[in-house]
Amino acid sequence: MSAEAPTQNENELFPGSAATWLDEPATDQLPPELTEADSLSRREQLRTFKRRHELRRDLADKYFATSRNPPRGLPVAATNTVLRFIGRLIQERHRLAVILIAANILAAIAGLVVPQLLSRLINTLGDDPDPRATVERICLTVLGVILIQSVLTFLARRASTLFGQDMLASAREYVIRAVLKLPLSRVETASTGDLVTRVTRDVGSMAQSVRWALPTCVIASVTTLLTVVAMVANSPLLACPLIVTVVVCVVAVRRYIRRAPQGYITQGNAYSRINTSLTETVEGVRSVEALGLQDQRIALTDADIAYAGQLERYTMTLRAQLFFPTGVVYQAPLAIVVLLGAWGYVEGWVSLGQIAAATLYFQQIVSPLDRIIFTLNQLQVGISSTTRLLGIAAVPPDREEREGQPADNHLIGRDLTFAYREGHDVLHDVTVDLIPGERLAIVGPSGSGKSTLGRLLAGINAPRLGVVEVGGVDVMGLPLAQLRTEVALVTQEHHVFVGSIRDNIILAREDTTTDEDVWAALRTVEAAEWVVRLPEGIETKIGSGRHPLTPAQAQQIALARLVIADPHTLVLDEATSLIDPRTARQVEGSMSALLTGRTVVAIAHRLHTAHDADRIAVVIDGRIDELGSHDELLAQGGEYARLWKAWTN
């Protein structure tokens, strides 16, 4: 197939949109200075390093500026939201937090005793009349302190593990609840890659921070603070070089904190884009091959990877700017202590024991201070990932529960107008009044608004204007759990959850469903015969990695789930259109039993499903153009008659 770009259509909704999948990849174009950098010599790369770093910073700032309230997709939560979230998690387990801090304080104090004992040993050894006894006594004391410190350290690490794992469990449960509460209408405006990245990569980063980085940072901070106190108590003079370390660390950390959130949040978005483009390519592989779009899709993926690579380089530079100066400054104060101590000893301001203790303290403080700097980076990664995760919870609901219960099963949509994009309505003032128990088929050309109308009737999306009511109550005001027992949308997509067959079927009514109800539902959809032959019957585990099901069996489980939910109205959007003909015949037999006695709205992409409907609504350009029975519409000789003739021919 030719890959030439189509000619410009003056009536096109978005000028040039038809060519976007043929020309440049639909992604932010990187500045030439970034794309051409790899071809430069080493000297030229060093000369232009600052400029390239600024360009990468601009990329991060550009995305971050819109991340809190993006025009499409899922938002990113504010940093103070994350801090309140973490604070609430800590508050919920404050006793364990107190034990964690107390155990680390005691362990740190025990560790600080040893340098003081050695200082005393050095100061008193020359004047002691019985040095052997003094050495033995101090050695035994040091040994006892080390044993006590080991026990306290074990208790502190145990408390840290329990604290971190418990916090992680609560955080993960919160994220799962937030994901499950996402409005379906909003989920579908977000890319699959973004949602998948958030619940995989970002959850992993959050887990690493909550389970390891946060407790480690607490432990290292407590140890560092107490070591500083011990250093000042030992000798204020010899503690002065610590000022150099503190000043350099504060400057480096402030610069890092100012830029890291933008970098890591944008980096997370870059991985979302890679997952999105790959997912779209894999899911649409047949269309890609049929239209000859392989080169364009490869170019798009390459562009997304290049974009992510530039963000990786940006955050890597930020880490280098943090780690390099702090790593260097750890060593300089130790030399200053020795020189300052020698001068102070000559002047009689400090003793040899104080010098030895100060030297040991400086060596001790390097490890926890280094852990603070390192875990600070891990915490920034975790906080950035948590902002993306909590952004899911920040999505506002698309419905507000109201009081009132449906008086009957009468479903009606009045004056429905709907737009996926502001200013471009796809339904215009549509009214559908369903007679309880009837079968209404909705037909029309592709893109006419059939499926959109079905989604509005099922309460998936809210109309921009108009209202859908069941029994006189707005469907958007019903709790979702109740709505799905009133009206349900059935598509060709179905899902089998990991768990038993029984667990999969009773989802809609877990508290009131018995085993007999489950078997009755399976008999209704003609699935009881094969389920009873399974090793554990309805307790057989299915889903990923468990007992495999055929496509027909999986669809039957989904239909049995609907039998238990027992909605009085079903909206069918070609539930068997993606299944092979033999399997479709099996499923249609199961579905026929499900439809008996219910009001049915069938979105008919294939006209043979509309032939036997009580009424047929013909949707053209977002409006109901014709309404009547099959015979009535054929007799009118209008749009339905032309569609039927084209279908049968």
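User: How accessible is Glu280?

Analyst: This is a predicted model, where local features need pLDDT of at least 70, side-chain atom pairs count only at pLDDT 80 or more, and totals for chains, interfaces and linings use all residues. Residues are numbered from 1 along each chain as its sequence is written, and side-chain values use heavy atoms, without hydrogens and water. Buried means under 20% relative accessible area, exposed over 50%, and partly exposed in between (1.4 Å probe, protein chains only). Glu280 therefore counts as partly exposed, at a relative accessibility of 44%.

User: Which residue forms a salt bridge with Glu280?

Analyst: A salt bridge here is a side-chain nitrogen of Lys or Arg within 4 Å of a carboxyl oxygen of Asp or Glu. For Glu280, the closest N and O atoms of the pair are 3.4 Å apart, and the partner is Arg297.

User: How far apart in sequence are the parts that Glu280 and Arg297 tie together?

Analyst: Helices (H or I, at least four residues) and strands (E, at least two) are DSSP runs, numbered from the N terminus. Arg297 is buried, with a relative accessible area of 18%. The salt bridge of Glu280 and Arg297 has its closest N and O atoms 3.4 Å apart. Glu280 sits in helix α10 and Arg297 in helix α12 (residues 294-329), so the parts tied together are separated in sequence by 17 residues.

User: How many salt bridges does the structure hold?

Analyst: Side chains of opposite charge can pair when their charged atoms come close. In this structure, the number of salt bridges is 19.

User: Is Arg93 buried or exposed?

Analyst: Arg93 forms a salt bridge with Asp166, and the closest N and O atoms are 2.8 Å apart. This pair also links distant parts of the chain: Arg93 is in the loop between α4 (79-92) and α5, and Asp166 is in helix α6, 73 residues apart. Asp166 is partly exposed at 34%. Arg93 has a relative accessible area of 10%, so it counts as buried.

User: How much space lies in the largest pocket?

Analyst: On a 1 Å grid over the protein atoms alone, a cavity is a set of points where a 1.4 Å probe fits but cannot get out, and a pocket is an open set with protein on both sides within 12 Å along at least five of seven lines; lining residues have an atom within 4 Å of a point. Points are joined across faces, edges and corners, and a volume is the space filled by probe spheres set on them. For the largest pocket, that space is about 2,200 Å³.

User: Which element gives the largest share of the lining of the largest pocket?

Analyst: The pocket holds about 2,200 Å³. Its lining has 42 residues, and the closest to the centre are Leu184, Ile460, Arg484, Leu489 and Phe497. Elements giving two or more residues include α6 (131-180), α15 (450-457) and β6 (487-491). The largest share, six residues, comes from α20.

User: How many residues of α15 are buried?

Analyst: Helix α15 is mostly covered. Its buried residues include Lys450, Thr452 and Arg455. Just after α15, Gly459 takes a positive phi of about 75°. Of the eight residues in α15, the number buried is seven.

User: Which element gives the largest share of the lining of the largest cavity?

Analyst: The largest cavity has about 50 Å³ of space. Its lining includes Leu242, Tyr330 and Phe362. Both α10 and α14 (352-393) supply at least two residues. The largest share, four residues, comes from α14.

User: How many charged residues does the lining of the largest cavity have?

Analyst: Ala, Val, Leu, Ile, Met, Phe, Trp, Tyr, Cys and Pro count as nonpolar, Asp, Glu, Lys and Arg as charged, and the others, Gly among them, as polar. The cavity lining has seven nonpolar residues and one polar residue. Its number of charged residues is none.
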